[in-house]
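Student: Can we go through this one together? I'd like to see how the labels follow from the numbers.
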Amino acid sequence: EIGIAGANYGTDGQVLTSGGAGAAVAWEAAAGGNNITTIVKDGIESVGSSTTLQNDDDFVFSVAACTNYFVELLLQAGGTNDGGGFKVGWALPTNGTHKSWSVGIENNAVGDAEVSSNSHQEGNWTIVTGASGKNASNLIIRSRIAIGGCSGSAQFQWAQEASSGNAATVANGSVMTYVVVE
């Protein structure tokens, strides 16, 4: 019996389901739906004098075989001016692919904003080409990741576009959100 006195209200994440006509309802784990997962970077990460893509310390998640994902990253980047630039990519399991779109808001020395975008990239790509007085402070990256027959991890990677002693950084509070898509 479901009621106030001695009632069974299930546990967090459960829903009431029906076993059919004449059957009692039961509490079961919720099924289906697309659960959105968000990861927030908890510290500043930097790369200086290196164009080799490195694994981001926070932006990685497990992926299942034969599954597609939509990923959005909102990055607060710094140090991309004075020749360093900023390039990004994904490390995926064997037969994993991605198509990505990115936009960067560049603030120059006098505060004007310029928008640069890249679309439908496969492999690694440059978001900001380093130029004196330019600094991409806000980046949006959207990716559709398709995982083939191998499970594993989807690892976001980034580095300087050109080697510079002025380190490129991704700030704490940057966010990655992902969801399974059918």
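**Labels and cut-offs**

Student: What makes N95 count as exposed?
Tutor: N95 has a relative accessible area of 58%, and exposed means over 50%, buried under 20%, and partly exposed in between (1.4 Å probe, protein chains only). So N95 is exposed. Keep in mind that this is a predicted model, where local features need pLDDT of at least 70, side-chain atom pairs count only at pLDDT 80 or more, and totals for chains, interfaces and linings use all residues. Residues are numbered from 1 along each chain as its sequence is written, and side-chain values use heavy atoms, with hydrogens and water left out.

Student: Where does N95 sit, then?
Tutor: In the loop between β8 (86-91) and β9 (97-107). N95 isn't a glycine, yet its phi is positive, about 70°.

Student: Why is S49 called partly exposed?
Tutor: Its relative accessible area is 47%, so S49 falls in that in-between class. S49 is in the loop between β4 and β5 (54-63), and its phi is also positive, near 55°.

Student: How do you know that β7 pairs with β14?
Tutor: Strands here are DSSP runs of E, at least two residues, numbered from the N terminus. Two of them pair if DSSP finds at least two bridges between them. β7 and β14 (residues 168-170) are joined by 2 bridges, so they pair, and they run antiparallel.

Student: What makes β4 and β7 edge strands?
Tutor: The open sheet has 3 strands in the order β4-β14-β7. β4 (45-47) and β7 (77-78) each pair on one side only.

How values were computed:
Helix = DSSP H or I, 4+ residues; strand = E, 2+ residues; numbered from the N terminus.
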